[in-house]
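Dear colleague,

Please find the structure below, followed by an account of what was found in it.

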Amino acid sequence: MRPIFTPELVNGAFGDPALLIDFKFVRRALLFDLGDVGRLPTRKLLRVTDVFISHAHMDHFAGFDRLLRVCLGRTSGVRLYGPPQFLDRVEHKLAAYTWNLVQNYVAEFTVRAHELLPDGRIKAACFRSGTRFTREAVDETFAPDGVLRAESGLRVRALLIDHETPCLAFSLEESTHINVWKNGLAEIGLPTGPWLQDLKAAVLANAADETPISARWRDRDGSHERIVPLGQLKAKVVKLVAGQKICYVTDAACTEANIRRIVALAAHSDLLFIEAAFLHEDAERARDRFHLTARQAGELARTAGVAFAVPFHFSPRYMDRELELRAEFDAAFRGDGQRATDRAGRPAWAEAAASSAAGIRR
Ligand SMILES: [Zn+2]
Ligand SMILES: [Zn+2]
């Protein structure tokens, strides 16, 4: 697979959550969470087009000011996505500053904020520098299957999980790549050229094998055209490669509902970033704070069948025990360590989920 994103945990495993997804072939980046982003160079922040915020606890949202400060003169604006009540929070953040001169900026800067509601509606609001960031309502939309943002080539899905407050987990899914084999083309005597776009479009549209594809090209001898059935090209020339799927899960209570939802969202990801705030010896503390332990996180990643998992959001209390946290996570993820099971043979997260359901839920 040829990845088109470079993911980077801005503050490592212990700092504020912020995951930068930098695009390799265009000047663009996404952010998952907006904790302290002071370490991100300005040139990278300037590339950010969309920010997906799990919830507005300070460690996940305090970087808003820095992002705004850096991007204010930019023309392209920024889109923000968050959980219920997010629009109010963005409005209050913007209302904290004096904007009497902002209309003098040559370029108008726009913040478009969206909040995902439990019924799948997306409420939105627009804040423009030209009107001193007063809130303007935008028509509601709907997120089918939790899709917050869909573009050609990628989509971002979100779902609500419980962290004693609604919190979003995210999945960034790249569309299937259509690769063209030059050797295959040579074998049937066809050159590359713009006609391959028609071929790719027909493959994406699932057109029938008999669909005629017109291959046109020019050379020294003039213009040429050959009509080839799609089926023949698919057999000889086209290779479909699944796109990359990256998930981001943080601040999740270990409840049965959360586990079910996270496993469904993260299923078969290529890469999962997942919080592992506490060692399992402190499972009670983790439960009281509505966080996962490293063992629970590792088992979740294993159950979801992800290819590669990165634990993060370690509690600073383990600053000198990082290796233990990682070892606990790895053992649970690989399933080759001491797998925590209860007497019924259920994994640790099931046990913790049951006790949190009994002990914490009112
Ligand atoms: Zn939190
Ligand atoms: Zn947090």
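The zinc ion (ligand 1) is held at 2.2 Å by His55 (NE2), His57 (ND1), His163 (NE2) and Asp251 (OD); donors are N, O and S atoms within 2.8 Å of the metal (3.2 Å for Na, K and Ca), and since water is not among the atoms, sites may look incomplete. The model is predicted, so local features need pLDDT of at least 70 and side-chain atom pairs 80 or more, while totals for chains, interfaces and linings use all residues. Residues are numbered from 1 along each chain as written, chains are lettered from A and ligands numbered from 1 in written order, and side-chain values use heavy atoms, without hydrogens and water.

Asp251 also coordinates the zinc ion (ligand 2), 3.5 Å from ligand 1. His57 lies in the loop between strand 4 (48–52) and helix 2 (58–61), and His163 in the loop between strand 10 (154–162) and strand 11 (166–174), so the pair ties together parts 106 residues apart in sequence. Helices (H or I, at least four residues) and strands (E, at least two) are DSSP runs, numbered from the N terminus. His57 is partly exposed, at 37% relative accessible area, whereas His163 is buried, at 4% (buried is under 20%, exposed over 50%, partly exposed in between; 1.4 Å probe, protein chains only).

Strands 10 and 11 pair in the antiparallel sense over nine bridges, where pairing requires at least two DSSP bridges. Both belong to an open, mixed sheet of six strands in the order 9-10-11-16-17-18. Strand 9 (147–151) and strand 18 (309–312) each have a single partner strand, so one side of each lacks a neighbour in the sheet.

Kind regards
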